[in-house]
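Colleague: I would like to go through the labels used for this model and hear what each one rests on.

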Amino acid sequence: PDDVEEKIYVWMGKPGVKANGRFDHVHGLHVQITGYKRYLLFPPSLHEILAPYPFLHPRQGQTSLDLESPAFQDSSISPEDMQKIRESMMYVVLEPGDVLYVPPLWTHHVTCYDSAMGPPITVSIWHRASTGLATEMLSKISIPVSDKWPLYLRWSGAYSFTYHVLSFFNEDGTDSLCASRMRRGEAPALGEECLKTAAQLFLRARARYKSIAPWGEQATPAAPEHGYEYQCRAHMGEGYFVVGPKPNGYEEFLTFEVENLREARDKAMQVADILKPLTPEERLVVAFDFIESVMVAAVGINGLYDSLAAFPAHCPPKNLTKTHAIPPSA
């Protein structure tokens, strides 16, 4: 079961078998019994460069790149990112009797080799890490989107909640100024820079899907033709943010679902508090996974790609307004 704190695995292979690069939410100790194994290790800072499959994909946690293929050197990875990989990658060969510790979220690519003592056999001891515990806690948060709403309002609710969550972070995963203000109850709780950063973080989460989504390698996927364009509005003082469909759906959302906006803000703070003990790099990995699950819960798996494509990533200053203030909580 997933809630067990510690697990033990025995891996038996044959020469030439490879386990493509993947990461886990565990502290891993790998004891080599017989044979040899070569590990290529990559820190969490390289996650987005290594392009892991998204959270809801069957191969979640695995990189979509073949790290040993000659084509990898000629891939779409920029020379700057390739240099980061070369500078950060670690190369380890395990011999019988060796023990290797792999920290949580480190991508590890493994190749098996034979020896005179027998085939490659490894015993792995996994202890669940704080990132796994945080993921479990986040899965228990009910999202502030009602399944009774029409689809366009469910999109609005998911976008609004996403912006609230990501506004707590800078692009490197550290706490934003807005996070500090909202925790202290200061005004203005939201700022233009926080919302711009939240949009950029969402686009980075969406980029996880570029290898499998209908838009492929397009930098900006085309929005679906469902009749709505989404706009951003914020009440800076109290820290409320809403993404609503226009021309007429926005006012309906704002007028009749103000309680949901309060809930979105408060639950976003709950999410941020769960992620706070993690390192900045860990926060973003877990937050991106959570955002994906939020979108699916709100719009369904069939609407995931369309909702990712239509996300309103640009909120110009003129749309940041105090004229649509949400009544304070009773």
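Modeller: Keep in mind that the model is predicted.

Colleague: What makes Cys178 and Cys194 a disulfide?

Modeller: Their sulfur atoms are 2.0 Å apart, and the cut-off is 2.5 Å, so the pair qualifies. The structure holds one disulfide.

Colleague: Why is this pair said to tie parts together?

Modeller: Cys178 lies in helix α6 (residues 177–184) and Cys194 in helix α7 (residues 192–206), so the link joins parts that are 16 residues apart in sequence. With 100° about the S-S bond, the link of Cys178 and Cys194 is right-handed.

Colleague: Why is Cys178 called buried?

Modeller: Buried means under 20% relative accessible area. Cys178 has 0%, so the label applies. Cys194, at 8%, also counts as buried, and Cys112 is buried with 7%.

Colleague: Why does Val99 count as exposed?

Modeller: Exposed requires over 50%; Val99 has 51% relative accessibility, so Val99 counts as exposed. Val99 lies in strand β6 (residues 99–102). Together with Leu29 and Tyr101, Val99 forms a nonpolar patch on the surface, with about 270 Å² of accessible area for the three together.

Colleague: How do you know that β1 and β8 pair?

Modeller: Pairing takes at least two bridges. Seven join β1 (residues 6–12) to β8 (residues 121–128), so the two strands pair, and they run antiparallel. Val10 has Val123 as its bridge partner in β8.

Key. Residues are numbered from 1 along each chain as its sequence is written. This is a predicted model: local features need pLDDT of at least 70, side-chain atom pairs count only at pLDDT 80 or more; totals for chains, interfaces and linings use all residues. Side-chain values use heavy atoms; hydrogens and water are left out. Helices (H or I, at least four residues) and strands (E, at least two) are DSSP runs, numbered from the N terminus. Patches are made of residues with over 30% relative accessible area and no salt bridge: like charges are joined within 9 Å, nonpolar side chains (Val, Leu, Ile, Met, Phe, Trp, Tyr) within 5 Å. Accessible areas come from the Shrake-Rupley method with a 1.4 Å probe; for residues, only the protein chains shown count as cover. A salt bridge is a side-chain nitrogen of Lys or Arg within 4 Å of a carboxyl oxygen of Asp or Glu. Buried means under 20% relative accessible area, exposed over 50%, partly exposed in between (1.4 Å probe, protein chains only).
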